[in-house]
Amino acid sequence: MRRIGDAPAVRRLLIGAALLLSALFLLLPLVAIFAQAFSQGVMVFWANVSNTFTLHAIGLTLVIALLTIPICLVFGVALAWLVTRFSFPGRRILQTLIDIPFAVSPVVAGLIYLLLYGRNGWIGSWLDTHDIQLMFAWPGILMVTIFVTCPFVARELIPLMQAQGSREEEAAVTLGAGGWTTFRRVTLPNIRWALLYGIILTNARAVGEFGAVSVVAGAIRGKTNTLPLHLEQLYQDYNAVGAFASAALLALIALLTLAAKAGLEWRAARQEAFL
Amino acid sequence: MSQLALWRSGSARVLPGFGLSMGISVLFISLVLLLPITGLFGQLAGLSLAEYWAIITEGRVVASYMVTIGAAAVAALVNAVFGLLLAWVLVRYEFPGKRLLDALMDLPFALPTAVAGITLATLYAGNGWMGSLLEPLGFQVAYTWVGIALAMAFTSIPFVVRTVQPVLEDLPAEVDEAAMSLGATDGVAFRRVIMPHLWPALVTGTGLAFVRSLGEFGAIIFIAGNMPYETEITALMIFVKLQEYDYAGASAIASVVLFVSLALLLAINIWQGRFVRRLHGGTG
């Protein structure tokens, strides 16, 4: 039986248009990043990547991501467990609240943290009298990064845990398993791939966040520059090749993220086919 | 209180961890998401209503609303068409490279916005690969609002594709087979049979893309040129005020942005909820 759009001419036209537009709109920028980064050869690329300021930016970016991931992980799992395993008044509100970071502009996210914890804020002024500075330093970067990345793990887990239901866990508990054992032996194996993908998304965003971080970081070269802030500074200094060297590192992480997603989806599809 | 007692003693609650997960979730949401918003209100409390109104209706700020909303609307509409095409092609046809095309759809979410920003600015500048082709033809993209719309469209295209794709996948083959066997042409069948199932998802995806575009910063500032009154977006206005240490001004404009984006998010959630209910027969 023929379906809509099955005529060879329509088919070819639509596939051709989709491929052409995607190539121009999505693939070309990706190619351009690496072309620019290597435009003066591998040696120049390497010199740009291995310079002190770039290395420091890479280090800070990794530290921020490494600190962000476990915090978002604990929150995401707790929230997903709460809203999918129990019913209580206010459940819908909690689920709506975690979408806030997706709707708020990154600049606004940075601003609200700056207002609260900066020297003029009501917490910031108290911290200031005790000589604790969070804004324009790495703790500020960490705080806004947690803000922008906290929904990812929960958003991956909630639909899956909702679909799976709680029967298996209830069986385990009824048979006498403790809460922690139930989670580790029953829940975790069921959600591990979604959990992993949530972590990958959290990492990608934590590494690449720009707007929120640029408000609270102060961009002190060699001190509070993350990789995205570093590449912005180089770009503004008309050092395009240097900027694209850092951009290429970030693009590589993005490509690994896409590959991981494709891999996890392939695994999920295969599992489904076997069942 | 009685309700609290009711769910404490609820016989359905077999599973442990209610207190712990509730504690972590509420503590985290209060500290990370809600507490910082009080800082914004604290700053705004120092302004009189007249001062507040003067800041948010100043000429340069109003011009930035226009640029942001206009470019975001164009980007969202372009993405509605482009995203629908991509979702359709990815669901309905088999062709070499399909898996790669599907993976490529998530690139704008995975790629840091600043990287997208400097790349688009370099590509579409007068001496860039695209700019050197387009500018002799009279199309200037970089440093105009077209560039802003382009950057917005780039960062938000996955919203449309990934919202429409699953709905299209779930559509049973009988739907269009019936239309075709009754002799409808492709165009009529698509409009009359497919679109009624698809458009709630299409509107949701386009709406999400629009909200994202309104707040986008990193991808835009490099290609925008940032000329006051012409190519300055609202997120940049907030940033500029902050650099001038005008915290009150930045907060006032941010409160407008925050209010609009939260209102739109709520509207999209309600809209989505209504259609999910209608499609699943009144419950859920």
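Predicted model: local features only at pLDDT ≥ 70, side-chain atom pairs only at ≥ 80, totals over all residues.
**Entry 1: terms and model**

I start with a term: helices are DSSP runs of H or I, at least four residues long, numbered from the N terminus.

**Entry 2: B:N226**

I looked up the backbone of B:N226. Its phi is near 55 degrees, a positive value in a residue other than glycine. I note the background: most residues other than glycine have a negative phi. Then I checked accessibility. B:N226 comes out at 26% relative accessibility and counts as partly exposed.

**Entry 3: chain B as a whole**

I counted elements next. Chain B has 14 helices and zero strands. Read from the N terminus, its pattern is α-α-α-α-α-α-α-α-α-α-α-α-α-α. I took the extent of the C-alpha trace along the principal axes, and chain B spans about 75 × 65 × 30 Å. Of the 284 residues in chain B, 54% are buried. I also looked at contacts in chain B between residues at least 6 apart in sequence. Of these, 73% join residues at least 24 apart.

I then turned to the UniProt record. An unreviewed entry gives "domain: ABC transmembrane type-1" for residues 65–268 of chain B. In the model, residues 65–268 of chain B are 78% helix and 0% strand. The end C-alpha atoms of this span lie 21 Å apart.

**Entry 4: confidence in chain B**

Two stretches deserve a flag. Over residues 5–11 of chain B, pLDDT stays under 50. The model has five contacts for residues 5–11 beyond four places in sequence. Over residues 280–284 of chain B, pLDDT is also below 50. Residues 280–284 have three contacts in the model beyond near neighbours in sequence.

**Entry 5: chain A as a whole**

Along the sequence the pattern is α-α-α-α-α-α-α-α-α-α-α-α-α-α. The C-alpha atoms of chain A fill a box of roughly 70 × 60 × 30 Å along the principal axes. Buried residues make up 51% of the 275 residues in chain A. Among contacts in chain A between residues at least 6 apart in sequence, 73% join residues at least 24 apart.

The UniProt record, an unreviewed entry, lists "transmembrane region" in chain A at residues 55–84, 96–116, 136–154, 194–220 and 240–260. I checked two of these spans against the model. Residues 136–154 of chain A are 84% helix and 0% strand, with end C-alpha atoms 29 Å apart. Residues 240–260 of chain A are 100% helix and 0% strand, and their end C-alpha atoms are 30 Å apart.

**Entry 6: helix 7 of chain A**

Which residues of helix 7 of chain A are buried? I found A:I123, A:G124 and A:L127 in helix 7 (residues 122–129). Seen down the helix axis, the buried residues fall within an arc of 95 degrees, so they line one face of helix 7. What do they pack against? The partners are helix 6 (106–117) of chain A and helix 2 (18–45) of chain B. I then looked at the face turned away from the buried side. It carries the exposed residues A:W122, A:W126 and A:T129.

I followed the chain onward. Just after helix 7 of chain A, A:D131 takes a positive phi of about 60 degrees. A:F136 lies in the loop between helix 7 and helix 8 of chain A. A:F136 also has a positive phi of about 60 degrees, although it is not a glycine. With a relative accessible area of 34%, A:F136 is partly exposed.

**Entry 7: cavity**

How many cavities of 30 Å³ or more does the structure hold? I found one. The largest cavity has a volume of about 40 Å³. Its lining is A:T61, A:I64, A:I141, A:T145, A:A206, A:V207, A:E209, A:V213 and A:T226. The elements that give two or more residues to this lining are helix 3 (52–85), helix 8 (138–149) and helix 11 (179–208) of chain A.

Technical notes: Residues numbered from 1 in each chain as written. Chains lettered and ligands numbered in written order. Heavy atoms only, no water. UniProt positions renumbered as here; feature names shortened; annotations may be inferred. Buried < 20%, exposed > 50% of the residue type's maximum accessible area, 1.4 Å probe, protein only. Arc of directions from axis to C-beta. Contact = heavy atoms within 4.5 Å. pLDDT = per-residue confidence, 0-100. 1 Å grid on protein atoms, 1.4 Å probe; cavity = no way out; pocket = protein on both sides within 12 Å on 5 of 7 lines; lining within 4 Å. Points joined across faces, edges and corners; volume = space filled by probe spheres on them.
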